[in-house]
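Me: I'd like to learn how to read a few features of a structure with you. Could we take them one at a time?

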Amino acid sequence: MTDQGRPASAGIDTSKPSIARAYDVVLGGKDNFAIDRAVVGEMLKIVPQLPEVAAYNRQILSRGVRYLVEEAGIRQFMDLGSGLPTRENTHQVAQRSAPDARVVYIDNDPIVLAHGRALLVENENTTVVTADLRDPESILANPEVHRLIDFSQPVGVLLVGILHHLHDDEDPQSVAEAYLAAVPSGSHLFMTSFCASFPEAAELEETYLSVLGTGRFRTLEELQGFFGDLEMVEPGLVPLPQWRPESPIDHDLTVAELLMAGGIARKR
Ligand code: SAM
């Protein structure tokens, strides 16, 4: 049983914190354990606004997927490092605008599949695959991915809130490039990531690395490099709230608003 009264699924290790469950804590979810809440407690001591940051990330996810469906005409998505199901998941946002949109969620934490199964049971255009996104070759050969993704048509490749969990020696840029190489012109990369654009970034990175094992805060220039020679969609790579906001932002950005940057780019 989880410590919040629901059964723990096979393969879920409750003795170690998990990125997916820690993110669930920050989002105010219930699919987490004491160890995850303890880790988040450490992070909140340094940046108490983390829940706001997670909310900005979920909000740009909605705005970005809506853009991809409604303006870029994308009908199929690979959501890499998708996280536990929460509110306004990619398939819900995409299928609201285009009911035929297809979404493959990919995450290496078995808890995502355990909880995703229940959510997706009646949605034939959506699936969850348990796999490590650092192995693009096997994901791009996975039959369940091919069941929903037609690689001759443009694909929305989502690396939202995930590349900061890859260390530099895991070469996040090559990982992103491998997915983009497999999709045709007109496909898009949608990326958000921790950004070293505020004074506490180094201290927060140290805490993430010591308690969770991952959490790189990269400069805007480093993050821009992940887009390679793709064509940036306006307004480019910016702090999350500045990406096509629903209402104008007329104040200096706070640390919470600067903590992550994101953007969308199109494969020529
Ligand atoms: N994309 C969602 C969002 O932005 O709201 C969730 C982001 S959550 C912070 C990161 C997710 O990536 C977690 O669910 C974690 O399990 C997953 N993850 C971390 N490393 C991964 C890897 N190597 N392969 C696949 N998933 C990974």
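Me: Where is Leu-204 found, and does Leu-204 count as buried or exposed?

Reply: Leu-204 is found in helix 9; helices here are DSSP runs of H or I with at least four residues, strands are E runs of at least two, and both are numbered from the N terminus. A residue is buried if 20 or more other C-beta atoms lie within 10 Å of its own, exposed if 12 or fewer, and partly exposed in between, with C-beta atoms placed from the backbone. Leu-204 has 20 such neighbours, so it counts as buried. Bear in mind that this is a predicted model, in which local features need pLDDT of at least 70 and side-chain atom pairs count only at pLDDT 80 or more, while totals for chains, interfaces and linings use all residues. Residues are numbered from 1 along each chain as its sequence is written.

Me: Which residues is Leu-204 in contact with, leaving aside neighbours within four places in sequence?

Reply: Contact means C-beta atoms, placed from the backbone, within 7 Å. By that rule Leu-204 is in contact with Ile-46, Val-47 and Phe-217. Gly-263, 59 residues away in sequence, is 23 Å from Leu-204, C-alpha to C-alpha.

Me: How do I read the packing of helix 2 and helix 9?

Reply: Two packed helices are described by the angle between their axes and the distance between the axes. Axes are lines fitted to C-alpha atoms, for helices over the stretch in contact, and angles run from 0 to 180 degrees between N-to-C directions. Helix 2 (residues 34-46) and helix 9 (residues 201-211) pack at about 170°, with their axes 10 Å apart. That makes helix 2 roughly antiparallel to helix 9 (over 145 degrees; under 35 is roughly parallel, 65 to 115 roughly perpendicular, the rest oblique).

Me: Which residues of helix 2 and helix 9 meet?

Reply: From helix 2 come Val-39, Glu-42, Met-43 and Ile-46, and they meet Glu-203, Leu-204, Thr-207, Tyr-208 and Val-211 of helix 9. The residues of this contact divide into six nonpolar, one polar and two charged. Ala, Val, Leu, Ile, Met, Phe, Trp, Tyr, Cys and Pro count as nonpolar, Asp, Glu, Lys and Arg as charged, and the others, Gly among them, as polar.

Me: What about the largest nonpolar core?

Reply: A nonpolar core is a set of buried Ala, Val, Leu, Ile, Met, Phe, Trp, Tyr and Cys residues joined through C-beta atoms within 7 Å. The largest has 74 residues, and those with the most contacts inside it are Met-78, Val-157, Leu-159, Leu-189 and Cys-195. Helix 3 gives the largest share of this core, nine residues. Beyond four places in sequence, the contacts of Cys-195 include Phe-217, Leu-220 and Met-260.

Me: Which backbone features deserve a look?

Reply: Most residues other than glycine have a negative phi, and most peptide bonds are trans. Here the bond from Glu-234 to Pro-235 is cis, with omega near 5°, and Pro-235 sits in the loop between strand 6 (231-232) and strand 7 (238-239). Asp-171 has a positive phi of about 55°, in the loop between strand 4 (156-160) and helix 8 (172-181). Arg-244 also has a positive phi, about 45°.

Me: Finally, how many residues surround the ligand?

Reply: A residue is near a molecule if its C-beta atom, placed from the backbone, lies within 6 Å of it. The ligand is surrounded by 20 residues, the closest being Ala-20, Gly-81, Gly-83, Asp-109 and Gly-161. By class, this shell has eight nonpolar, seven polar and five charged residues.

Conventions. Contact = placed C-beta atoms within 7 Å.
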